Amino acid sequence: DDPDELDRLIADLQGMAIPMGGPVELVVLDTLSRMIGSGDEDKARDVNVVVRSAERIQRMTGAHVMIVHHSGKDRDRGMRGSNALLGAVDAAIEVTKDADTGLCEAKVTAIKDGEAIGPFAYTLRQTAVGTDDEGEEIVTCVIDPAGASQGVRTPKLSEPERRCLAVLKELSGNLRDTAGQSPF
């Protein structure tokens, strides 16, 4: 609600560049309902205040700004509240979790410049990343891919392109990158 608080947040983000060894590259506003202050997520004018603030953070810091928002009770109807947020996003990613299996899925449901990507299935695994001042473990989640498509599409190749690819595969033999993946 207070423009001075937004200025302070931006200054804090810019000030993180030195201790982090580089600028902040991602700012997560979690969740829209918490970031909207005294506004109402059902009102486009109030959502647009958050959108303009996110754009200002992006412009002043160079960071990507991700806003976490929730679907309504009927997930098939998409995110709850005003559709002004969906109209302003560069990409909307829907994340779901199966309560029985723990399997999560992320898929791009809207994108301004490109095609939808996904789904990407994964599980979350907790791992310790250090200890705090009291000696307690600091724990975070790590994404473990679960074999789903990650948006990579195999292009349709012409016959000369297929022959060329076959020759490249033959010449590369067992060539692998550092992650053990074939370049082809």
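In helix α1, Leu6, Ile10 and Leu13 are buried, where buried means under 20% relative accessible area, exposed means over 50% and partly exposed lies in between (1.4 Å probe, protein chains only). Seen down the axis of α1, the buried residues fall within an arc of 60°, so they line one face of the helix; the arc is that of the directions from the helix axis to the C-beta atoms. The model is predicted: local features need pLDDT of at least 70, side-chain atom pairs count only at pLDDT 80 or more, and totals for chains, interfaces and linings use all residues. Residues are numbered from 1 along each chain as its sequence is written, and side-chain values use heavy atoms, with hydrogens and water left out.

**Overall composition**

- The protein has 6 helices and 6 strands; helices (H or I, at least four residues) and strands (E, at least two) are DSSP runs, numbered from the N terminus.
- Read from the N terminus, the order of elements is α-α-β-α-α-β-α-β-β-β-β-α.
- Of the 184 residues in the protein, 18% are buried.
- Among contacts between residues at least 6 apart in sequence, 39% join residues at least 24 apart; contact means heavy atoms within 4.5 Å.

**Helix α1**

- Helix α1 comprises residues 3-15, 13 residues in total, and reaches 18 Å from its first C-alpha to its last, close to the 18 Å expected at 1.5 Å a residue. The expected span of a helix is 1.5 Å times one less than its number of residues.
- The exposed residues Asp4 and Arg8 are carried on the face of α1 turned away from its buried side.
- The cover over the buried residues of α1 includes α2 (17-20), β1 (26-30) and α4 (44-61).
- At the start of α1, a side-chain oxygen of Asp2 comes to within 2.9 Å of the backbone nitrogen of Asp4.

**Helix α4**

- The 18 residues of α4 should span 26 Å at 1.5 Å a residue, and the end C-alpha atoms are 25 Å apart, which agrees.
- Buried in α4 are Asp46, Val47, Val50, Val51, Ala54, Ile57 and Thr61. Viewed down the axis of α4, these buried residues fall within an arc of 145°, so they line one face of the helix.
- An α-helix has 3.6 residues a turn, so residues three or four places apart point the same way.
- Arg45, Arg52 and Arg59 are exposed and lie on the face of α4 turned away from its buried side.
- Elements covering the buried residues of α4 include α1, β1, α3 (32-35), β2 and α5.
- Gly62 follows α4 and has a positive phi, near 80°.

**The four-stranded sheet**

- An open sheet is formed by 4 strands in the order β3-β4-β5-β6, with antiparallel pairing. Two strands pair if DSSP finds at least two bridges between them.
- Strands β3 (91-97) and β6 (137-145) stand at the edges with a single partner strand each, so one side of each is left without a neighbour in the sheet.
- Neighbouring strands of this sheet are turned by 40° against each other on average, direction ignored. Axes are lines fitted to C-alpha atoms, for helices over the stretch in contact, and angles run from 0 to 180 degrees between N-to-C directions.
- Strands β3 and β4 pair in the antiparallel sense over 7 bridges, and Glu94 stands opposite Lys107 in β4.
- The hairpin of β3 and β4 has 6 residues between the strands, and Gly102 in this hairpin takes a positive phi near 80°.
- Strand β4 (residues 104-111) is joined to strand β5 (residues 120-131) by 3 bridges, and the two run antiparallel. Ala106 has Phe120 in β5 as its bridge partner.

**Loops**

- His69 is placed in the loop between β2 and α5 and counts as buried at 18% relative accessibility.
- Leaving aside neighbours within four places in sequence, His69 is in contact with Leu32, Glu41, Met79, Arg80 and Leu85.
- Asn83 is found in the loop between β2 (64-68) and α5 (84-88) and is exposed, with a relative accessible area of 62%.
- The C-alpha atoms of Asn83 and Lys43 are separated by 8.9 Å, with the two residues 40 apart along the chain.
- Asp30 and Thr31 are joined by a cis peptide bond with omega of about 5°; Thr31 lies in the loop between β1 and α3.

Terms used. A polar contact is a pair of N or O atoms within 3.5 Å; within protein, one must be able to donate a hydrogen and the other to accept it, and residues adjacent in sequence count only if both atoms are side-chain atoms.
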